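Trainee: I have a chain open and would like to go through it with you. Can we take it bit by bit?

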Amino acid sequence: MFTQPARLYRVLAIAEAITWTILIGALIARALGVNPLVVTIGGGIHGFVFLSYGATAILVALNNRWKPGVAIAAVASAIVPYATIPMEIWLHRTGRLAGSWRLTETDDPRDRTWFDRLMRWFLRRPWVLGALIAVAIVALYTILLILGPPGGK
């Protein structure tokens with residue numbers, strides 16, 4: 001399913017926008033008198049997808065060798081409701097999502113760095129990479145839950 005970086009990025013960009021809808025709907029429902037638990041649930045779902053999108057944006061940025069400014073913009077687009085979709089469209093139109101996962105070394109001198117070798121090792125073992133990213137997201141998510149919601153309680 002995610003044999004191309006563009007597919008994985010698109011799925012997470014759309015999921016991030018959907019969870020914005022869930023969160024905004026929950027906030028409206030709370031304002032209308034619905035149990036505040038809906039915001040906790042909607043916020044939790046949104047927070048997890050937010051972190052997943054950020055991890056995916058970083059992974060695709062590294063694989064496709066985006067300039068740092070583009071990578072930062074991609075991650076930051078998750079902060080603005082629904083901005084991940086126009087970001088995905090722009091990245092696609094400018095060719096930044098083109099190509100496959102870099103699984104083998106090429107003649108490019110950048111492929112000889114320790115970092116690129118490590119990334120290729122993980123990309124050839126997607127279950128290991130997925131598990132590592134999932135553990136990192138869950139750990140970060142847990143830390144953020146302990147710290148509390150954005151803006152305080």
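Trainee: How much of the chain counts as buried?
Mentor: Of its 153 residues, 33% count as buried. Buried means under 20% relative accessible area, exposed means over 50%, and partly exposed is in between, with a 1.4 Å probe and protein chains only. This is a predicted model, in which local features need pLDDT of at least 70 and side-chain atom pairs count only at pLDDT 80 or more, while totals for chains, interfaces and linings use all residues. Residues are numbered from 1 along each chain as its sequence is written, and side-chain values use heavy atoms, with hydrogens and water left out.

Trainee: How many helices and strands are there?
Mentor: Six helices and zero strands. The pattern along the sequence is α-α-α-α-α-α. Helices (H or I, at least four residues) and strands (E, at least two) are DSSP runs, numbered from the N terminus.

Trainee: And what does the C-alpha trace span?
Mentor: About 60 × 30 × 30 Å along its principal axes.

Trainee: Let's pick a helix. Which residues of H3 are buried?
Mentor: H3 covers residues 68–76, and its buried residues are Val70, Ala71 and Ala74. Seen down the axis of H3, they fall within an arc of 100 degrees, so they line one face of the helix. The arc is taken from the directions from the helix axis to the C-beta atoms.

Trainee: Why would residues a few places apart point the same way?
Mentor: An α-helix has 3.6 residues a turn, so residues three or four places apart point the same way.

Trainee: What is on the face of H3 turned away from the buried side?
Mentor: Pro68 and Ile72, which are exposed.

Trainee: And what do the buried residues of H3 pack against?
Mentor: Helix H1 (5–31), helix H2 (37–64) and helix H4 (84–93). Contact here means heavy atoms within 4.5 Å.

Trainee: You mentioned H1 and H4. At what angle do they pack?
Mentor: At about 160 degrees, with their axes 8 Å apart. Axes are lines fitted to C-alpha atoms, for helices over the stretch in contact, and angles run from 0 to 180 degrees between N-to-C directions. H1 and H4 are therefore roughly antiparallel to each other. Angles under 35 degrees count as roughly parallel, over 145 as roughly antiparallel, 65 to 115 as roughly perpendicular and the rest as oblique.

Trainee: Which residues make that contact?
Mentor: From H1, Tyr9, Arg10, Ala13, Glu16 and Ala17; from H4, Thr84, Ile85, Met87, Glu88 and Leu91. By class, six are nonpolar, one is polar and three are charged. Ala, Val, Leu, Ile, Met, Phe, Trp, Tyr, Cys and Pro count as nonpolar, Asp, Glu, Lys and Arg as charged, and the others, Gly among them, as polar.

Trainee: Different topic. Is Arg120 buried or exposed?
Mentor: Arg120 counts as buried, at 4% relative accessibility. It is found in helix H5, residues 114–123.

Trainee: What does Arg120 touch?
Mentor: Not counting residues up to four places away in sequence, Arg120 touches Arg102, Leu103, Thr104, Glu105 and Asp111.

Trainee: And Thr56, what does that one touch?
Mentor: Leu8, Tyr9 and Leu12, again not counting residues up to four places away in sequence. Thr56 is found in H2 and counts as buried at 9% relative accessibility.

Trainee: Last one. Where is Gln4?
Mentor: In the segment before H1. Gln4 is partly exposed, with a relative accessible area of 27%. Leaving aside neighbours within four places in sequence, Gln4 is in contact with Gly99, Ser100 and Trp101.
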